[in-house]
Structures are given as C-alpha cells and as structure tokens.
Amino acid sequence: MEKAVFYHAGCPVCVSAEQDILKIIDRSRYDLEIVHLGQDQARISEAEKVGVESVPALWLGQNVLHINFGASLTDVKNG
C-alpha cells in the first residue's frame, strides 16, 4: 500500500478539499494521513522537504498535488 499525506491548515478552502479527498482517494490502494499543519507545526518542515509550497496539498510518493490555494507554508509558519 502506498502512503499519501494530505496537508492543510484548517482554512475553509482546506477543509473543503479534505472532504473531497476523503471521498475520492482509494483507501484500498493508499494509506491516507491527514495532517493539519496549524495544529501540528512540527510537521511543516516535513511538508517542505517533500515539496509542499502551499496548502491544501496532497503528497503521493514522489508527487505533490497543490489542490487549491488556501495559504502558503510561510503564512502557516507565521500564522
């Protein structure tokens, strides 16, 4: 099973995207983890290392899918 991580910051854009991701990700194929960076700021550096520039974003293996623009990681860090 492949790992997938959905990073978000809790904003309305992020919450809406999270609901959509939960509906469309094939949970038999992907081990999906939801990470709220506003609540778990220790994970921001992890998100940066995999290429996340803004949230909401979905990391799938080697790819980061920036779904919509809710906030930059800089905004989340300073927020």
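Which residue forms a salt bridge with Glu48, and how far apart are the closest N and O atoms?

Modeller: The partner of Glu48 is Lys77, and the closest N and O atoms of this salt bridge are 2.6 Å apart. The pair joins distant parts of the chain, with Glu48 in helix H2 (residues 44-50) and Lys77 in helix H3 (residues 73-78), 29 residues apart. Before going on, please keep in mind that this is a predicted model, where local features need pLDDT of at least 70 and side-chain atom pairs count only at pLDDT 80 or more, while totals for chains, interfaces and linings use all residues. Residues are numbered from 1 along each chain as its sequence is written, and side-chain values use heavy atoms, with hydrogens and water left out.

A salt bridge here is a side-chain nitrogen of Lys or Arg within 4 Å of a carboxyl oxygen of Asp or Glu. Helices (H or I, at least four residues) and strands (E, at least two) are DSSP runs, numbered from the N terminus. For exposure, buried stands for under 20% relative accessible area, exposed for over 50%, and partly exposed for what lies in between (1.4 Å probe, protein chains only).

With those in hand, back to our pair. Glu48 has a relative accessible area of 37%, so it is partly exposed. Lys77 also falls in the partly exposed class, because its relative accessibility is 42%.

How many salt bridges are there by this rule? The count comes to five. One of them joins Glu2 and Arg29, whose closest N and O atoms are 3.7 Å apart. This pair too links distant parts of the chain: Glu2 is in strand E1 (residues 2-8), and Arg29 is in the loop between H1 and strand E2 (30-36), 27 residues away. Glu2 is partly exposed because its relative accessible area is 37%, and Arg29 counts as partly exposed at 48%.

Another salt bridge brings together the side chains of Arg43 and Glu46, at 2.7 Å from N to O. Arg43 has a relative accessible area of 17%, so it is buried, whereas Glu46, at 28%, is partly exposed. These two residues also belong to a network of salt bridges that links Lys3, Glu33, Arg43 and Glu46.

Now for a charged residue without such a partner. Glu18 sits in helix H1 (residues 12-24). Glu18 is buried yet has no salt bridge, and the nearest side chain of opposite charge, Arg27, is 8.8 Å away. In this count Lys and Arg are positive and Asp and Glu negative, with His and the chain ends left out. What Glu18 does have is a polar contact between its side chain and that of His8, at 3.3 Å. A polar contact is a pair of N or O atoms within 3.5 Å; within protein, one must be able to donate a hydrogen and the other to accept it, and residues adjacent in sequence count only if both atoms are side-chain atoms. Leaving aside residues up to four places away in sequence, Glu18 touches Phe6, His8 and Ile34, where contact means heavy atoms within 4.5 Å.

The chain has three helices and four strands, and along the sequence they follow the pattern β-α-β-α-β-β-α. Its radius of gyration is 11 Å, close to the 12 Å that the globule rule gives for 79 residues, so the chain is as compact as a globular protein of that length. That radius is taken over C-alpha atoms, and the rule is 2.2 Å times the number of residues to the power 0.38. Of the 79 residues, 38% count as buried. Among contacts between residues at least 6 apart in sequence, 62% join residues at least 24 apart.

Finally, strand E3 (residues 54-60) is worth a visit, with Ser54 as one of its residues. Ser54 counts as buried because its relative accessibility is 10%. Not counting residues up to four places away in sequence, Ser54 touches His66, Phe69, Ala71, Ser72 and Leu73. Pro56 is in strand E3 as well, and the peptide bond from Val55 to Pro56 is cis, with omega near 5°. In the loop between E3 and strand E4 (63-72) you will find Gln62, which is exposed at a relative accessible area of 76%.
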